[in-house]
Amino acid sequence: MANEPRDPMQLEKPMFILGNGEVYRNQTEVKMSQIVLPCHANYCGELSAGQLLKWMDSTACLSAERHAGCSCITASVDDIHFETTIGVGQVVNITAKVNRAFTSSMEVGILVSCEDLFSDRQWKVCHAFATFVARRTEAGKVQLKQVIPRTQAEQMEYSLAAERRRMRLIHAEIINDLLSSCSSQTVSECLDYQEAVPAERTRVESVELVLPPHANHQVSTFGGQIMAWMENVATISARCTVPILLQSNLMIKKDI
Ligand SMILES: CC(=O)SCCNC(=O)CCNC(=O)[C@H](O)C(C)(C)COP(=O)(O)OP(=O)(O)OC[C@H]1O[C@@H](n2cnc3c(N)ncnc32)[C@H](O)[C@@H]1OP(=O)(O)O
């Protein structure tokens with residue numbers, strides 16, 4: 001995995017020579033690099049997913065606002081599959097660009113790769129798609145200018161973006177249908193599992209006070225921060241299903 005070829009989505013080549021010899025650079029493309037410090041790491045010493053989500057959201061928001069020319073907000077982020085972990089001291093490269101604009105919303109493609117400066121290796125971490133919406137003005141809903149795909153890769157993403165949007169918008173309906181049609185498992189079925197943990201024990205609740213460091217340049221909580229908080233409680237909840245690990249942690253805590 002760590003030896004995957006560079007640049008799987010060609011997002012790292014900001015300039016292209018078009019057929020007519022014109023040098024082209026996508027104006028919506030934004031690139032951010034961060035070195036992972038201990039303060040960005042989780043208890044395993046790896047970059048926390050919440051921190052990465054914050055960086056991805058900030059980079060994508062900048063790309064969306066560069067295209068829109070006005071304030072934009074995160075409406076949704078599609079499924080993300082993290083393919084590898086990122087360690088302290090490694091460099092995270094995030095590239096975002098607008099794939100397609102619709103009416104007031106646009107799809108932003110985000111590619112995350114990791115770089116080891118000393119071995120000159122680079123590998124893909126994840127590829128995600130976020131939807132940003134231009135904030136309504138007093139005049140009403142914003143009508144975004146359209147994106148004109150210039151390269152073959154951009155044309156492909158442009159076509160796929162419409163399909164992904166269609167799937168995103170019907171997703172909620174599908175989930176509702178599933179919930180109404182699925183029958184719940186009986187307690188006796190669950191008891192068949194060895195070392196079952198009561199669901200209630202995995203329940204984690206967190207109350208966060210929104211402070212200035214949580215705000216973005218629009219002085220509102222940015223989507224990446226919300227995702228980071230969600231990831232934090234989800235991590236604690238998931239650990240509750242590992243009683244042995246949890247026990248040993250409690251012991252360490254006692255020693256301190
Ligand atoms: C909770 C937080 O603080 S996270 C921080 C940052 N994010 C936010 O604050 C977003 C909070 N959410 C909102 O403000 C609203 O739900 C909005 C603006 C995203 C959507 O509001 P709506 O009343 O549905 O507006 P409307 O129906 O006009 O839709 C606006 C656009 O968003 C799109 N949209 C709405 N929901 C979604 C979604 N879940 N996924 C993708 N696109 C969506 C619509 O398709 C529409 O696109 P179009 O204009 O290109 O056709």
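The following legends describe close-up views of a predicted model.

**View 1. The annotated HotDog ACOT-type domain, residues 26–138.** An unreviewed UniProt entry places the feature "domain: HotDog ACOT-type" at this span.

**View 2. An open sheet of five strands.** The strands follow the order S3-S5-S6-S7-S4, and their pairing is antiparallel. Strand S3 (30–35) and strand S4 (72–77) form the edges, each pairing on one side only. On average, and with direction ignored, neighbouring strands of the sheet are turned by 30° against each other.

**View 3. The pairing of strands S6 and S7.** Strand S6 (residues 105–116) and strand S7 (residues 121–134) run antiparallel and are joined by twelve bridges. Within this view, Val112 stands opposite Cys126 of S7.

**View 4. Helix H2 packed on the sheet.** Helix H2, which comprises residues 152–181, touches S4, S5, S6 and S7. The direction of H2 makes about 80° with that of strand S5 (91–101).

**View 5. The contact of helices H1 and H4.** The axes of H1 (residues 49–68) and H4 (residues 223–239) come within 8 Å and cross at roughly 165°. Because angles over 145 degrees count as roughly antiparallel, H1 and H4 are roughly antiparallel to each other. The crossing of H1 past H4 is right-handed. On the H1 side, the contact involves Ala49, Gly50, Leu53, Lys54 and Asp57; on the H4 side, it involves Gly223, Gly224, Gln225, Met227, Ala228 and Glu231. The residues of this contact comprise four nonpolar, four polar and three charged.

Note on methods
Residues numbered from 1 in each chain as written. Predicted model: local features only at pLDDT ≥ 70, side-chain atom pairs only at ≥ 80, totals over all residues. Heavy atoms only, no water. UniProt positions renumbered as here; feature names shortened; annotations may be inferred. Axes fitted to C-alpha atoms, helices over the stretch in contact; angles between N-to-C directions. Helix = DSSP H or I, 4+ residues; strand = E, 2+ residues; numbered from the N terminus. Parallel < 35°, antiparallel > 145°, perpendicular 65-115°, else oblique. Left-handed = near helix turned anticlockwise from the far one by under 90°. Contact = heavy atoms within 4.5 Å. Nonpolar A, V, L, I, M, F, W, Y, C, P; charged D, E, K, R; others polar. Pairing = 2+ DSSP bridges.
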